[in-house]
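Subject: The structure, and what turned up in it

Hi,

Here is the structure, as promised. Have a look at it first, then read on.

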Amino acid sequence: MPRRRPRVLPVLALALYLAALLSFAALPSFAALPSLAALPSPAALPSPAAPSVPLEDSAAIENEARALLGRLTLDEEIELLGGVDSMYTHAAPSIGLPRLKMSDASVGVRNWGPSTSYAAGVALAATWDRDYARQLGESLGGDARARGVNFLLGPGVNIARSPVAGRNFEYLSEDPFLNAALVVPYIEGVQSRGVVATVKHFALNNEEFDRHNVSADADERTMREIYLPAFEAAVREAHVDAVMNSYNLVNGAHATENRFLNLDILKGEWRFAGILMSDWDATYDTVAAANHGLDLEMPSPRFLNAQALLPAIEKGLVPRAVIDDKVLRLLRVAVRYGFLHAAPAQAQTAAAQTQATADPTPESTDSRDSTYSVADRAVALRGALESLTLLKNDGALLPLDSTRIKTIAVLGPNAYPAVTGGGGSAYTPPFDAVSTLTGIANSVGSATRVLYDPGLPSMRDVFRGTRWLEPVTMATYEGTAFGGRPHVTTVSTIDNGPQNGLAQPDPTPRSIRYHARYRAELAGRYWVLATASAGDGDRLTLSVDGRPLAVPLHAEGEVPPAWPITLAAGQTIDIVAEYLPRFAGVRCGFGVAFEPALVSETARRMAAAADVAVVAVGFTKETEGEGADRTFALPWGQDALIQAVAAANARTVVTLTGGVGTDTRPWLERVPALIELYYPGQEGGTALAEILFGRHAPEGKLPVTFDRSWEDSASHAFYYPSGGAVGPEAHPHVRYDDALMVGYRYWTSAGKHPLFPFGFGLSYTRFKFSDLKVPASASSRTPIEVSVAVQNTGGVAAAEVAQLYVSNPSAPMPRPERELKGFARVRLEPGETQRVVFELDRRSFSYWDEKTHAWTVAPGRFVIRVGDSSEDTPVSADLRVID
Ligand code: BGC
C-alpha cells in the first residue's frame with residue numbers, strides 16, 4: 001500500500017497562535033518570571049521536520065527487508081518475536097539490527113527519566129484541535145528521539161464508555177469521530193520524527209475491572225460504529241506502524257489471539273502493514289497468538305519462544321511463512337525508519353552497529369532533539385490552555401480582576417504540588433511542574449496576598465490521629481490462613497504506609513488480624529480509611545461490626561479504599577482488619593475520621609479572609625490510574641472541603657482534576673464557578689492562572705458527557721460482568737448492551753439532559769452561529785460541502801469549536817439521534833465573523849449493516865445541525881441524500 005506523505009502543518013496558523021500565546025510574556029506581571037521568560041520566541045521554535053524517515057514503502061525496501069530475512073536462521077527469527085528487558089525488542093546482531101527501545105506515552109515520554117509532561121489524552125480531546133494534535137505528536141516524537149526511543153507506546157484511543165474507567169484520562173473521548181480526527185495528525189506528528197507510534201489498546205479496553213480476564217462482548221455494528229473507527233483511522237489514514245493488543249478478551253477470545261480483530265479486520269480489511277504487539281503479559285497461547293496475528297510478545301517471550309514454537313512449526317501447527325511474515329514486518333519498519341543504524345537516520349560503521357546491538361539505543365544526535373526542550377514547554381502550555389474547560393461561571397465571577405484582588409486563598413489537596421497526570425504506565429515525571437498554587441502566585445502582583453492550605457489531612461495523618469477506644473490487638477499467624485496460635489501484641493495506631501522503604505520478599509508467609517474499637521463522640525458521617533501496598537500484592541480487607549466493608553469492585557490493584565459510615569453519638573464500632581502481606585514488614589494502615597472535622601480550621605479562616613477562594617480538588621495519580629477503576633465520588637473529604645470553603649466565601653472557584661465524570665451533587669449549587677482541568681500536564685498551573693485572570697479566554701470543550709451520577713450513565717447497567725466468576729481462571733463477560741448508546745448518543749436519543757453535555761464549555765465571550773448552507777439534496781458518493789458563519793459577538797478574543805451533528809430520521813433501523821461528523825476550531829476577535837466549511841464524506845451518513853457486513857447509506861432524510869455542544873445546535877437544515 002503506498003504511504004501518504006504526512007500533511008504539512010499550517011505553519012502560519014501555528015506561528016500566529018504562538019505569537020498570541022507568547023504575547024502574555026509581555027505583560028508586566030509575567031515578564032519577570034523565569035518560567036515564561038524561558039519560553040522561546042516563535043522563530044526559535046522548531047519548524048516541522050522535513051521527514052527523512054520513515055521512508056515510504058517501496059520495492060527497494062521490500063527487497064532489503066527480504067534480503068535481511070534471508071540471512072536469519074529460524075532461531076534468530078523466533079528471538080525477534082519477543083521483547084527483552086521490559087522495554088526493548090530483541091536484537092539480531094548478525095544483520096546489524098539493534099534492540100529497539102520503547103517508552104510509554106499517554107502524557108509524555110515516560111520511561112527514561114524526567115520528560116516534558118503534556119496535558120493527558122482526555123485533555124487533548126478537549127482541545128478539539130487537529131493542529132495541536134499534530135504539534136503534540138511532533139513534540140513527543142522529538143522527546144522520544146532525544147532519548148533514543150524507537151517505539152512510542154501511544155496514543156491510546158479507547159472510547160470513554162463509563163466515567164469510572166481508570167484509564168479514561170489516557171484515552172481521548174467518548175466519540176469515535178473526534179478520536180479518529182485527532183489521532184491521525186498525532187500519529188503523523190510522532191512518525192514524522194522517525195519514531196514509531198503504537199496505537200493501543202486494540203480493542204474494547206473500556207474498563208480496568210479485572211482487565212486481564214474480562215471479555216468485552218459487543219455486536220459487530222457496535223464495534224464498527226463506536227469502538228473501532230479510531231483504530232481504523234490510525235491504520236488507514238495515519239499509517240501507524242505499530243498496534244498494541246489489549247489485555248481483555250473480545251467476544252470470548254483474548255485480543256492477542258483474536259482472529260476477527262487481528263486477521264480479518266486489522267491485517268485483512270485495513271491492510272495493516274506494521275507490527276502488532278501484545279500488551280505487557282497479555283499473551284496466553286503460543287499457537288493461537290502466532291496464527292491469529294500477534295507479531296511481538298511483550299515484555300518477554302513466554303509463549304512466542306523457540307521452545308514452544310519450534311515443535312509447533314515442526315508439527316505443522318504454525319506455518320513457517322507465518323513466522324517469516326512477523327519478522328518481515330519488523331524488518332520493514334527497521335529499514336524504513338533507519339533503525340538498522342545505531343543513531344536514527346544516520347549511517348553507522350560496522351563497529352558502531354555491533355555496539356548498538358549490545359546496548360541501549362544511543363540518544364539521537366539530531367540537533368532538533370533535546371532531552372530538556374524549552375520549545376516543548378510552550379507546547380505543553382498550549383495543550384493546557386486549549387483544554388481547560390469552564391463548566392460554570394455564575395454572575396460572571398470569572399475572569400478575576402487581579403488589580404482588585406488583595407487576598408486570594410488557594411486551598412485543597414490538589415493545589416500543591418502539581419497534579420500533572422493520572423497513575424500507572426502513563427505517568428510521566430516532569431522536569432518542573434507548575435502547580436495551581438505556583439501558577440496563581442506567579443501570576444498575581446506582589447501586592448496580592450496568596451494564602452495556601454491543603455484543607456484536608458493526608459491519609460497517614462488520619463491513621464496517626466485516630467484515637468482508638470483501647471489499644472488495637474494485632475494477632476500475627478504463621479501461614480496465610482489465619483490458622484493456629486497467633487502471636488498477639490497491641491499497638492496504638494496502625495499507620496504503616498506503603499512507603500516503608502524497599503520491599504523485601506517475606507521469607508515466612510504470615511497473616512495478620514487487627515481488632516480495633518472506635519467510639520463516635522458526635523453523630524454524623526465518618527470515613528473509614530485504609531491503605532495497603534495492594535499494587536504489590538498485599539491484601540487488606542476490613543469489616544465493621546462483622547459486616548465486610550463493600551470492597552470497591554476491583555480485582556486488580558485497588559484505589560485507596562475509603563468508606564463513609566454514619567454513626568450515632570456515643571456509638572462504638574468494632575473494626576476487624578485482615579492483612580496478608582506479601583513482603584517482609586507491615587505496610588498497611590487504617591483509621592477513622594469524623595468528616596466535619598476533616599476540613600482544617602486554617603482553610604476555613606483563609607477562605608473567609610480572602611477576596612476569592614480557589615479550591616483545587618479531584619483525582620491524582622494515586623486515586624485514578626491504570627489497573628483499577630475509580631470512584632465517581634470525589635476522594636474522601638473533598639466534598640466537605642468544598643462545602644466548607646463555599647460557606648465561608650461566596651466567591652469560590654472549584655477546579656477539578658480527573659478523567660471527567662465526578663459527582664458534583666454535594667456542592668455544585670453552592671459554588672459559582674467550576675473549571676475542569678483534566679490532567680493538564682506540567683504547565684497546568686500557568687494555564688489556569690491565565691484563564692482565571694482573563695489573559696486567555698477558556699476554550700476547552702468536554703470530550704465526554706459529564707453525568708450527574710454514575711447510575712445515570714448508559715453503561716452503568718452493563719459495566720460489570722453479568723454473572724460468572726472473576727479472576728485468573730475465569731472469563732466473566734461484560735455485555736455491551738448499551739450498544740451504540742454511548743455518552744451523548746444516549747442522552748440525545750433519550751431526550752434527556754446530563755449535567756454538562758458532550759461538547760460543552762463556556763467562554764468569556766459569546767458566539768453566534770448563522771447562515772448554515774446545506775444543499776437540499778445530494779449524493780453521498782462525492783463529498784458534500786456544508787458551511788456556517790460563526791461570529792464572536794462578545795467583547796473578548798477567543799476560540800470556538802463549531803460542531804456538526806448528523807441525524808438520519810428516515811433510517812430504516814434505529815440510529816442514535818445525532819452523531820458528530822465534523823468540527824472546526826476558529827479563533828475570532830470581538831465582532832469578527834468567519835465562515836467554517838465542512839466536507840461530509842459517505843461515512844458521515846453511513847451505518848454498519850449487520851446483514852451485509854458493510855457500511856451502508858440509507859437514502860432519505862438527514863438533518864445537519866451545527867452548534868457548540870451536542871445539545872446546543874442553534875442552526876439546522878434538512879438534506880436529502882439520494883444515494
Ligand atoms: C499497559 C500499556 C503499557 C505497557 C508498558 C501495560 O501495563 O497496559 O499501556 O504500554 O504496560 O508499560
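This is a predicted model: local features need pLDDT of at least 70, side-chain atom pairs count only at pLDDT 80 or more; totals for chains, interfaces and linings use all residues.

Residues are numbered from 1 along each chain as its sequence is written, and side-chain values use heavy atoms, with hydrogens and water left out.

**The ligand**

There are 13 residues around the ligand, and Asp104, Arg167, His201, Asp279 and Glu626 come nearest (near means that a heavy atom of the residue lies within 4 Å of the molecule). That shell has six charged, five nonpolar and two polar residues; here Ala, Val, Leu, Ile, Met, Phe, Trp, Tyr, Cys and Pro count as nonpolar, Asp, Glu, Lys and Arg as charged, and the others, Gly among them, as polar.

For Glu626, a side-chain N or O atom is 2.5 Å from a ligand oxygen. A polar side-chain atom of Arg167 sits 2.7 Å from an oxygen of the ligand, and for Tyr247 the distance is 3.0 Å. On its own the ligand exposes 310 Å², and the protein buries 92% of that (areas by the Shrake-Rupley method with a 1.4 Å probe).

**The parallel sheet**

Five strands make an open sheet with parallel pairing, in the order β3-β4-β5-β7-β10. Strands are DSSP E runs of at least two residues, helices H or I runs of at least four, both numbered from the N terminus; two strands pair if DSSP finds at least two bridges between them. At the edges are β3 (102-104) and β10 (275-277), each pairing on one side only. Three bridges join β3 to β4 (residues 151-153), and Asp104 has Leu153 as its bridge partner in β4.

Another open sheet has six strands in the order β15-β14-β17-β22-β19-β20, with antiparallel pairing. β15 (487-491) and β20 (547-548) are at its edges with a single partner strand each, so one side of each is left without a neighbour in the sheet. Strands β19 (residues 539-544) and β22 (residues 572-580) pair in the antiparallel sense over six bridges, and Arg539 has Leu580 as its bridge partner in β22.

Cheers

Note on methods: A polar contact is a pair of N or O atoms within 3.5 Å; within protein, one must be able to donate a hydrogen and the other to accept it, and residues adjacent in sequence count only if both atoms are side-chain atoms.
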